[in-house]
Amino acid sequence: MDSFLFRLVIPFLLLCLACNDAVQTTDEPSEPFVRHADFSSQYIAARHIDVHLPPDYGDGKSIRYPVLYMHDGQNIFTSATAYGGVEWQADEILDSLTRIGATRACIIVGIWNSDKRFPEYLPQQAAEQLPQEVQDQLLEYNQNVAVFSDQYLRFLVEELMPFINKEYRTLTGPAHTFVAGSSMGGLVSLYALCRYPDHFGGAACLSTHWPVDLEARYPIFPITLTNYFGTQLPDASAHKIYFDYGTQGLDAHYEPWQLRMDSLMNANGYTQGQNWITRKFEGHDHSEGSWAKRFWEPLVFMLPKQ
């Protein structure tokens, strides 16, 4: 199907399912998620891990499923814990796409953030390439907490992923393992793909927060980040990367830096529409509501029906 027609048809089908009560829009997901409360780690502070299973998971079958790891996990399944009371409806959207044959069924693992979200999510090796005076400013901004996203990723790869693979019927390997997030979560998703290309086959980076600074005052941040990723992107023949951004609020600052990243994607052998997508959404802002409206796009891109 032509990609333009595809983008028209899928939202229409999702709307039809919603009108037929196939998509639940209550505060709880269509299938109850499993919470692993205060999941402990030797690398980072304990936090909740929420796991959404495909609707047919408990049917007594031996089917194994790909896994999507998502940052800011408290925002994706239920409005009860989501920022501003607005959730992504990640589970309902995925299950609806699976129902109409647009994606594979998948397990979603929601990783809650902590009160140290910024130093956990800022790509550490890129931050270490900043001028020392800028690193000192970051340290002061973080109340003397150094960036430690490498430790966060070690938790993800060395502790959480083995637990999920042991506890649930998963398909393992990069062809079946993906990571996603928005804003700073978009940055750490791309960082995870670059640092662990043998573990993840794709990353969805919604409203990637290239400026780092909320007021976009320091161009050294996005320049350093894009330069870093331009030298670290994994093999284009074996990975997929999704980017998007809106035009309102914080997202209004993103376009020039995303275009810079797009040029680096081209230089690294990625082809738009094949193993890489960048989408601009007019009128969308930096919010869970906007991300929920377009979350179906990276799902269809990374988890197409086989």
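Just after helix α2, Gly101 adopts a positive phi of about 80°. The model described here is predicted. Helix α2 itself, residues 90–99, is mostly covered, with eight of its 10 residues buried. The buried positions in α2 are Ala90, Asp91, Glu92, Ile93, Leu94, Asp95, Ser96 and Leu97.

**Overall composition**

The protein chain contains 11 helices and eight strands. Of its 306 residues, 56% count as buried. Among contacts in the protein chain with a separation of 6 or more, 76% come from residues 24 or more positions apart.

**Nonpolar cores**

The largest nonpolar core comprises 61 residues, of which Tyr69, Val109, Phe155, Leu160, Phe200 and Phe229 touch the most other members. Apart from it lies another core, of 28 residues, which includes Phe77, Trp88, Ile93 and Cys106. Ile93 is also one of the buried residues of α2. When neighbours within four places in sequence are set aside, Val109 contacts Ile49, Asp50, Val51, Val67, Leu68, Tyr69, Met70, Leu160 and Ile164.

| Helix pair | Residue ranges | Angle between axes | Axis separation |
|---|---|---|---|
| α6 and α7 | 149–167 and 184–195 | about 70° | 11 Å |
| α7 and α8 | α8: 220–232 | about 30° | 10 Å |

The angle of about 70° between α6 and α7 makes α6 roughly perpendicular to α7. Their crossing is right-handed. On the α6 side the contact is made by Ser149, Asp150, Tyr152 and Leu153, and on the α7 side by Val188, Tyr191, Ala192 and Arg195. By class, this contact of α6 with α7 consists of five nonpolar, one polar and two charged residues.

For the other pair, the angle is about 30°, and α7 and α8 are therefore roughly parallel to each other. Here α7 passes α8 in a left-handed crossing. Leu187, Leu190, Tyr191, Cys194 and Arg195 of α7 meet Leu225, Tyr228, Phe229 and Gln232 of α8. The residues of this contact of α7 with α8 divide into seven nonpolar, one polar and one charged. Phe229 of α8 is also listed among the members of the largest core that touch the most others.

**Arg195**

Arg195 belongs to helix α7 and takes part in the contact with α6 as well as in that with α8. With 31% relative accessibility, Arg195 counts as partly exposed, because that class lies between the limits of under 20% for buried and over 50% for exposed. Not counting residues up to four places away in sequence, Arg195 touches Gln125, Asp150, Leu153 and Tyr228. The C-alpha atoms of Arg195 and Leu153 are separated by 8.5 Å, although the two residues are 42 residues apart along the chain.

**Backbone at two serine residues**

Most residues other than glycine have a negative phi. Ser183 is placed in the loop between β5 (177–182) and α7, and at 7% relative accessibility it counts as buried. Ser207 likewise has a positive phi, near 50°, in a residue other than glycine. Ser207 lies in the loop between β6 (202–206) and α8. Its relative accessibility is 0%, and Ser207 therefore counts as buried.

Technical notes: Residues are numbered from 1 along each chain as its sequence is written. This is a predicted model: local features need pLDDT of at least 70, side-chain atom pairs count only at pLDDT 80 or more; totals for chains, interfaces and linings use all residues. Side-chain values use heavy atoms; hydrogens and water are left out. A nonpolar core is a set of buried Ala, Val, Leu, Ile, Met, Phe, Trp, Tyr and Cys residues joined through side-chain atoms within 4.5 Å. Buried means under 20% relative accessible area, exposed over 50%, partly exposed in between (1.4 Å probe, protein chains only). Contact means heavy atoms within 4.5 Å. Axes are lines fitted to C-alpha atoms, for helices over the stretch in contact, and angles run from 0 to 180 degrees between N-to-C directions. Helices (H or I, at least four residues) and strands (E, at least two) are DSSP runs, numbered from the N terminus. Angles under 35 degrees count as roughly parallel, over 145 as roughly antiparallel, 65 to 115 as roughly perpendicular and the rest as oblique. A crossing is left-handed if the near helix is turned anticlockwise from the far one by less than a right angle, and right-handed if clockwise. Ala, Val, Leu, Ile, Met, Phe, Trp, Tyr, Cys and Pro count as nonpolar, Asp, Glu, Lys and Arg as charged, and the others, Gly among them, as polar.
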